[in-house]
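Hi everyone, and thanks for coming. Please have a look at the sequence and the structure on the screen, and then I'll walk you through them.

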Amino acid sequence: MTENSSKRNDKVEDFIEVMRKYQEELIKNWTEAIKYTSPVSTVDSPEFANIIKKYWEKVNMEVSEAMPQIAKGDDGSLQKQRDLFVSAMHAYSDMLKEFLVSPAFLAYLKQSYKDNTDMKIRLDKSNEENLKLCGILTRKDLDEINFNLYNLNKKLDRLQDSISELKRGKR
Amino acid sequence: MNETFIKEIIQGNLKLAKAFELTINGPGVDTNTTEYEVVFEYNKMRLLRFKPLADKGLYPPLLMVYAVINKPYILDLQPDRSVVKKFLEKGFDVYLIDWGMPSDADKYICLDDYINYYMRYAVDHICKENSCTQISLLGYCIGGYFATIFSSLYPKRVKNLMIMSAPIDFHVKGGPLHVWTQKDIFDVSRYTEAYGNCAPDILNSGFLLLNPMENTYLKYLDLVEKVDDKDYVDNFFRMEKWINDGISIPARFFVEWIRDGYQENKLVKGELKVAGKPVNLNKITMPLLLIVGKADNLVPPASTLGLLPHVKSKDTKVFENPSGHIGISVGGKAHKVMWPEVIEWLTKHSEK
């Protein structure tokens with residue numbers, strides 16, 4: 001084996017090692033992420049059942065009131081069916097609106113925000129580490145550059161403002 | 001089954017097919033049709049100046065400021081319902097801020113940037129172009145929040161302040177947004193740490209849930225019902241285009257917005273600071289016009305009206321429209337009745 005081909009083999013092995021670490025890290029993080037996102041059940045909560053019951057009764061009442069008209073089977077009956085459908089849709093909307101501010105939903109929302117952000121942060125961290133291993137710029141590096149550029153631009157604007165003020169003062 | 005019923009089913013199916021075809025291919029509608037030129041740019045912001053449609057009146061220029069959530073062409077959505085056009089036709093010199101589309105590189109933009117740089121530079125430019133020292137300001141939604149803060153910090157630059165559907169008091173009852181963003185539920189700093197800028201899809205999902213059935217299923221049912229009405233179809237797709245044309249909110253401003261607004265309600269408490277400078281609403285002494293939509297559940301009317309107890313303006317007026325948050329700028333009724341009155345108010349208050 002020549003010296004050159006031996007160096008090439010070393011590089012290939014290094015690369016395989018980096019990829020192996022990357023895979024291991026990825027599997028570890030996905031496993032963690034799945035644990036984090038175990039669903040919080042709200043649909044079977046008694047609170048939701050009560051809200052559904054309330055609107056279900058309302059729609060049922062409207063249906064029973066409208067039945068005699070619908071049973072006639074004339075033109076008016078068609079309109080009545082249509083009105084009933086729209087009314088049921090609005091009742092469903094109201095039900096959802098009430099549910100979406102209920103403590104059961106808010107608890108779910110809180111958990112969901114937390115799980116999603118935790119998972120994203122973990123995955124980013126893992127990607128960050130792997131990109132570093134490959135010597136590629138990471139999001140954090142880019143953020144730092146952007147932050148420095150942002151601050152530089154702001155300093156420039158402030159300087160320009162000061163110059164303009166000085167000019168106005170001279171006049 | 002009677003004949004009418006069968007006819008209804010056949011017609012219904014034909015309409016459904018037509019609506020389905022339209023939602024896939026779209027009718028190809030134009031938006032923001034009023035001519036303008038870009039007169040100033042700063043970072044991604046563009047300042048648009050609209051071409052006059054009538055003899056210019058002797059009024060201070062009018063600057064319109066829309067939210068940093070969607071594109072500002074909602075104020076010029078279609079020729080017959082354009083707020084911009086309405087003012088132009090009465091001889092106003094109309095400018096509009098287009099914030100542009102922030103990228104990841106803009107995630108550090110904060111309230112200080114929007115007020116003390118973007119807005120101030122825009123106002124400076126307008127005053128320079130018109131050899132004047134004051135402008136009239138119309139702020140819509142978050143743009144109204146900005147306009148209010150700008151008027152508190154630079155009261156001498158604003159001759160008249162008009163804010164529409166602007167969140168000012170965030171803790172009023174009426175909308176679920178402040179419930180979903182409570183401090184113990186939503187950790188906004190951690191959210192932006194994970195995701196950076198707040199993507200428009202996230203915001204749109206929240207807005208859809210304000211009226212879950214109306215904004216989804218019933219909306220399309222209406223389209224099926226009125227699919228043969230060309231005006232309705234065109235309006236529908238213009239609105240769809242605008243709704244789906246959202247922009248990201250820069251991460252740093254998103255944190256300020258949720259924390260200082262929805263969570264801590266700092267503006268009306270007198271605790272808000274911009275670049276270390278307190279925002280005192282009692283510095284607002286210019287004529288003030290508030291425009292609210294009675295059916296607005298994104299920004300409940302009480303939130304905008306919550307500005308009144310804090311300002312020192314002696315000349316205040318409130319216009320209430322029956323519409324919701326968007327209907328206020330594009331609704332037929334708003335354009336027929338309310339906007340002519342708003343323009344009359346501004347004309348009266350603009351005369352030198």
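A word on the ground rules. This is a predicted model, in which local features need pLDDT of at least 70, side-chain atom pairs count only at pLDDT 80 or more, and totals for chains, interfaces and linings use all residues. Residues are numbered from 1 along each chain as its sequence is written, while chains are lettered from A and ligands numbered from 1 in the order in which they are written.

So, chain A. It has five helices and zero strands, and from the N terminus on the pattern reads α-α-α-α-α. Of the 171 residues in chain A, 4% are buried. Here a residue is buried if 20 or more other C-beta atoms lie within 10 Å of its own, exposed if 12 or fewer, and partly exposed in between, with C-beta atoms placed from the backbone. As for contacts in chain A with a separation of 6 or more, 71% join residues 24 or more positions apart. Two residues are in contact if their C-beta atoms, placed from the backbone, lie within 7 Å.

Now to chain B. In what order do the strands of its open sheet come? There are eight of them, in the order 1-2-4-3-5-6-9-10, with mixed pairing. Two strands pair if DSSP finds at least two bridges between them. Strand 1 (36–42) and strand 10 (316–321) of chain B are at the edges with a single partner strand each, so one side of each has no neighbour in the sheet. On average, neighbouring strands of this sheet are turned by 20° against each other, direction ignored.

Helix 3 (residues 111–130) of chain B packs on this sheet, touching strands 1, 2, 3, 4 and 5 of chain B, and its direction makes about 130° with that of strand 1 of chain B. Axes here are lines fitted to C-alpha atoms, for helices over the stretch in contact, and angles run from 0 to 180 degrees between N-to-C directions.

Let's zoom in on strand 5 (residues 135–140) of chain B. Why is it largely enclosed by the rest of the structure? Because six of its six residues are buried. In a regular strand the side chains alternate between the two faces of the sheet. In strand 5 of chain B, Ile135(B), Leu137(B) and Gly139(B) are buried on one side, and Ser136(B), Leu138(B) and Tyr140(B) on the other.

Strand 5 of chain B pairs in the parallel sense with strand 3 of chain B over four bridges, and Met64(B) stands opposite Leu138(B). Strand 5 of chain B also runs parallel to strand 6 (residues 158–164) of chain B, joined by six bridges. Ile135(B) has Val158(B) as its bridge partner in strand 6 of chain B, and Tyr140(B) has Met164(B). From strand 5 of chain B the chain passes through helix 4 (residues 142–153) of chain B to strand 6 of chain B, a right-handed β-α-β crossover. Right-handed means that, with the strands pointing away from the viewer, the path from the first strand over the helix to the second runs clockwise.

Two loop residues deserve a mention. Cys141(B), in the loop between strand 5 and helix 4 of chain B, has a positive phi near 60° without being a glycine. Ser165(B), in the loop between strand 6 and helix 5 (177–180) of chain B, is not a glycine either, and its phi is positive at about 45°.

Finally, where the chains touch: 21 residues come from chain A and 26 residues from chain B. On chain A, helix 3 (75–99), helix 4 (103–133) and helix 5 (139–170) each supply at least two residues of that side. Helix 4 of chain A meets helix 6 (residues 188–195) of chain B, with axes that come within 8 Å and cross at roughly 35°. Residues making this contact include Tyr113(A) and Lys120(A) of helix 4 of chain A, and Arg190(B) and Tyr195(B) of helix 6 of chain B.
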